[in-house]
Amino acid sequence: MCLISSSKLLVHQHSTDSGHNVGFTSVDAGNMSLTVLEQHHTAEDTRNNRRALESALGIDPGTTRFVSQTHSAIVQSSGDRGWGQVDTLGEGDAIISEDGRDPIAILVADCLPIAFTTNYGPTAIAHAGRVGLLDGIIQNTVRYLRSLDTQGAGTISATIGPGICGKCYEVPEHMRDQAAQDHPAIFSQTTWGSAALDLPAAAEAILQEQDVEVRHVNECTFTNERLFSHRRAPGIGRLAGVVLPTHKA
Ligand SMILES: [Zn+2]
């Protein structure tokens, strides 16, 4: 089955040479979180949104894997059950599908979703906010992917999805300066002149250090109203970054 047109539900979608689709949902797809719920919205609304997305993407409803995200540096394996059977794989901020066959997802609203594919099979998706990025969630995900490369010659590609950009992510000056000690690329300034963090630039620098090919979606959640943003509209919902196998005709 071919990918059904899902342009309204996704702000970005591309297929990879590895036989996967990488996508990031829009507000039109609705809230993807079971725990961040706008008033009058229920977890059942989220389940309906998830099933509609999965149907549009050509995967079996309830098979996508999610984790309980805590801004940690913990990477979980995708296991054998999707959210239709277990809400979560457990605490973690990245998921690896070791054979690349499981649909995997991460939830964000300003933090960065980073999708990984490889030319030797495995896929991954990570949630990198300030805390997780500084604690090594990206490096841990890449390390896990590399450990599955038995030939030792594989390539890893990453897509940095929609998140708050370096011109919008205002933080206290001391926080920026401290973060920039280890990650110079994170140093930024808002359009209105105050201290800011550039998570996409920092993520790119880390990935390049790890010899990972990088692609940017270049969408800012804070300014693009087709995306959920915790800072612009707290508690409304979360978008999903997804990696799933392409269904063959
Ligand atoms: Zn921005």
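At what angle do helix 3 and helix 5 pack, and how far apart are their axes? Helix 3 (residues 137-147) and helix 5 (residues 199-209) pack at an angle of about 30°, and their axes lie 10 Å apart. This is a predicted model, in which local features need pLDDT of at least 70 and side-chain atom pairs count only at pLDDT 80 or more, while totals for chains, interfaces and linings use all residues. Residues are numbered from 1 along each chain as its sequence is written, and side-chain values use heavy atoms, with hydrogens and water left out.

**Helix packing**

- Helices (H or I, at least four residues) and strands (E, at least two) are DSSP runs, numbered from the N terminus.
- Axes are lines fitted to C-alpha atoms, for helices over the stretch in contact, and angles run from 0 to 180 degrees between N-to-C directions.
- Helix 3 and helix 5 cross in a right-handed way (the near helix is turned clockwise from the far one by less than a right angle).
- Helix 3 contributes I138, Q139 and V142 to the contact, and helix 5 contributes A203, I206 and L207 (contact means heavy atoms within 4.5 Å).
- By class, five residues in this contact are nonpolar, one is polar and none is charged (Ala, Val, Leu, Ile, Met, Phe, Trp, Tyr, Cys and Pro count as nonpolar, Asp, Glu, Lys and Arg as charged, and the others, Gly among them, as polar).

**Salt bridges**

- The whole structure holds five salt bridges (a side-chain nitrogen of Lys or Arg within 4 Å of a carboxyl oxygen of Asp or Glu).
- One of them joins R226 and D28, at 3.6 Å from N to O.
- This pair links distant parts of the chain, 198 residues apart: R226 is in the loop between strand 11 (213-216) and strand 12 (239-245), and D28 is in the loop between strand 2 (20-25) and helix 1 (43-57).
- Another pairs R47 with E44, with the closest N and O atoms 3.5 Å apart.
- Both R47 and E44 belong to helix 1 and sit three residues apart, about one turn of the helix.
- R176 and D177 also form a salt bridge, with 3.2 Å between the closest N and O atoms.
- Through shared partners, salt bridges join E44, R47 and R51 into one network.

**Exposure of the paired residues**

- R176 is buried, at 8% relative accessibility (buried means under 20% relative accessible area, exposed over 50%, partly exposed in between, with a 1.4 Å probe and protein chains only).
- R226 is partly exposed at 33%, and D28 is partly exposed at 39%.
- In helix 1, R47 is partly exposed at 24% and E44 is partly exposed at 38%.
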